[in-house]
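Hi,

Here is the structure I promised to pass on to you. Have a look at it first, and then read on for what I found in it.

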Amino acid sequence: MRSCIKYGKETKIMKTLIKLAKTNKILPILQQIQVKDGLAMVSNLKITITTPCNKANGNYHIKKIAADIWQHETDLMNRLPELPELGESYASLSVSHEDLSFVARAMSNEQARYYLNGVCFDNSAIVATDGHRLHFVKGLGISSDKKPIIPAQAIDLILELQKQHKHDGVIHFYAAHAVFMIGETKLIAQLIDGNFPDWQRVLPKDNQHKSQFDFKDFKTPLKDIKATAKAYDMRHPLLKIMQDGSFKINDLGPNKTWPCVTTLPFEIGFDAELLADTGLKGNLSANTPTSPIMIEQGNYISVVMPTRL
């Protein structure tokens, strides 16, 4: 029997549907792809993806689909949830894969502050924070006073679909859902029911010391830094940026230094991975050893909290 979707990006899209279905660990009956009237659908109750499919109507188990076996499963005749009633869209936005992936790096996975587990779409920026760093793209917002938050799992799937299609797609916002449309594929995600904090309040406004920043200074030696930190039983590879344009693992570690373009009139400490993960090369501003720094490259901005050494 010929596979429903066989070649190129369509095969990758089907893998994305299978990936979503695998998240149904509590309800394994939902580990299936349902085909109806030319559309394949997968749902985990909070996220639903539909895409064109030329197989016969019915339910198919993802394990067999992954092996390119499309066979009706009589024990999977439970219907997937109906598509939600969306109402009227109040805003739409096209976001590039590059913009969204930069912001998504700062998403939190902390369960207590669940409202940080995603990307917030403000009227002036898209933003994410985990409490240790904040990433946002300025000038990229929605024309609404609402601040919808798309959950991290949906953001990850949107990034996958953008990569497969090689273009941006459009996100439409509704009262309780966001709908991402790209080509003939549609992703419907339930928005996080919570309020994103006033992120603009944490932006440093009085950083008087200016310098340069290049994430590669910290990315390139990160493996060596992690190994050294582990040898000294440190949970995180904490760095001290020195005044002479170099950095080292904090004073608990060995006296080994690495060069960097950042120079400040004081020593300041950071989690090495947060600096490397910015992916930015641009201007850095700071005020004191205990206040956040701001790194800017065009419309991409990262605010990183220092670490006590």
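Let's start with Asp37, which sits in the loop between strand 1 (32-36) and strand 2 (39-43). Please keep in mind that this is a predicted model. Asp37 is not a glycine, and yet its phi is positive, at about 50°. Is Asp37 buried or exposed? With 62% relative accessibility, Asp37 counts as exposed, because the cut-off for that word is over 50%.

Leu45 is another residue other than glycine with a positive phi, here near 80°.

**Strands side by side**

Strand 3 pairs with strand 12 (residues 185-190) in the antiparallel sense, over four bridges. To find this pairing on your screen, look for Thr48, whose bridge partner in strand 12 is Ile188. Strand 12 also runs antiparallel to strand 11 (residues 177-182), and six bridges join these two. Here you can look for His177, which has Gln190 in strand 12 as its bridge partner. Strand 11 and strand 12 form a hairpin with two residues between the strands, and in this hairpin Gly183 takes a positive phi near 60°.

Which residues of helix 3 are buried? They are Asp99, Leu100, Ser101, Phe102, Val103 and Ala104. That makes six of the eight residues of helix 3, so this helix is largely enclosed by the rest of the structure. Among the elements that cover these buried residues are strand 6 (118-121), strand 7 (125-129), strand 8 (133-138), helix 4 (152-165) and strand 20.

Phe102 brings us to the rings. How many aromatic pairs does a search of the whole structure find? It finds eight. In one of them, the ring centres of Phe102 and Tyr300 are 4.8 Å apart and the planes are at 10°, so this pair is stacked. Phe102 belongs to helix 3 (residues 97-104) and Tyr300 to strand 20 (residues 300-304), so the pair ties together parts that lie 198 residues apart in sequence. Both Phe102 and Tyr300 are buried.

**A second pair, and a cluster**

Phe218 and Phe247 also form an aromatic pair, but a tilted one, with 4.8 Å from centre to centre and 35° between the planes. Phe218 is in helix 5 (residues 216-219) and Phe247 in strand 15 (residues 246-249), so this pair ties together parts 29 residues apart in sequence. Phe218 is buried, with a relative accessible area of 0%, and Phe247 counts as buried at 0% relative accessibility. Ring pairs link Phe213, Phe218, Phe247 and Trp258 into a cluster.

There is also a charge over a ring to look for: Lys146 lies over the face of Tyr90, at 4.3 Å from the ring centre.

**The two sides of helix 6**

In helix 6 (residues 222-231), the residues Leu222, Ile225, Thr228 and Ala229 are buried. Why do they count as being on the same side of helix 6? They cover an arc of only 125° around the axis, which puts them on the same side. The face turned away from the buried side of helix 6 carries the exposed residues Lys223, Lys230 and Ala231.

What covers the buried residues of helix 6 includes helix 5, strand 14 (238-241), strand 15, strand 16 (257-259) and helix 7 (272-276). Helix 6 is followed by Asp233, which has a positive phi near 60°.

**Two last things to look up**

Lys15 is in helix 1 (residues 8-21) and is exposed, with a relative accessible area of 57%. From C-alpha to C-alpha, Lys15 and Ile62 are 9.4 Å apart in space, and they are 47 residues apart in sequence.

Finally, the cysteines. How many disulfides does the structure hold? The number is zero. Cys120 is buried, with a relative accessible area of 0%, and Cys260 counts as buried at 9% relative accessibility.

Best wishes

Conventions: Residues are numbered from 1 along each chain as its sequence is written. This is a predicted model: local features need pLDDT of at least 70, side-chain atom pairs count only at pLDDT 80 or more; totals for chains, interfaces and linings use all residues. Side-chain values use heavy atoms; hydrogens and water are left out. A disulfide is a pair of cysteine sulfur atoms within 2.5 Å. Buried means under 20% relative accessible area, exposed over 50%, partly exposed in between (1.4 Å probe, protein chains only). Rings of Phe, Tyr and Trp (its six-membered ring) pair if their centres lie within 6.5 Å; planes under 30 degrees apart count as stacked, over 60 as edge-to-face and the rest as tilted. A charge sits over a ring if NZ of Lys or CZ of Arg is within 6 Å of the ring centre and within 35 degrees of the ring normal. Two strands pair if DSSP finds at least two bridges between them. The arc is that of the directions from the helix axis to the C-beta atoms. Contact means heavy atoms within 4.5 Å.
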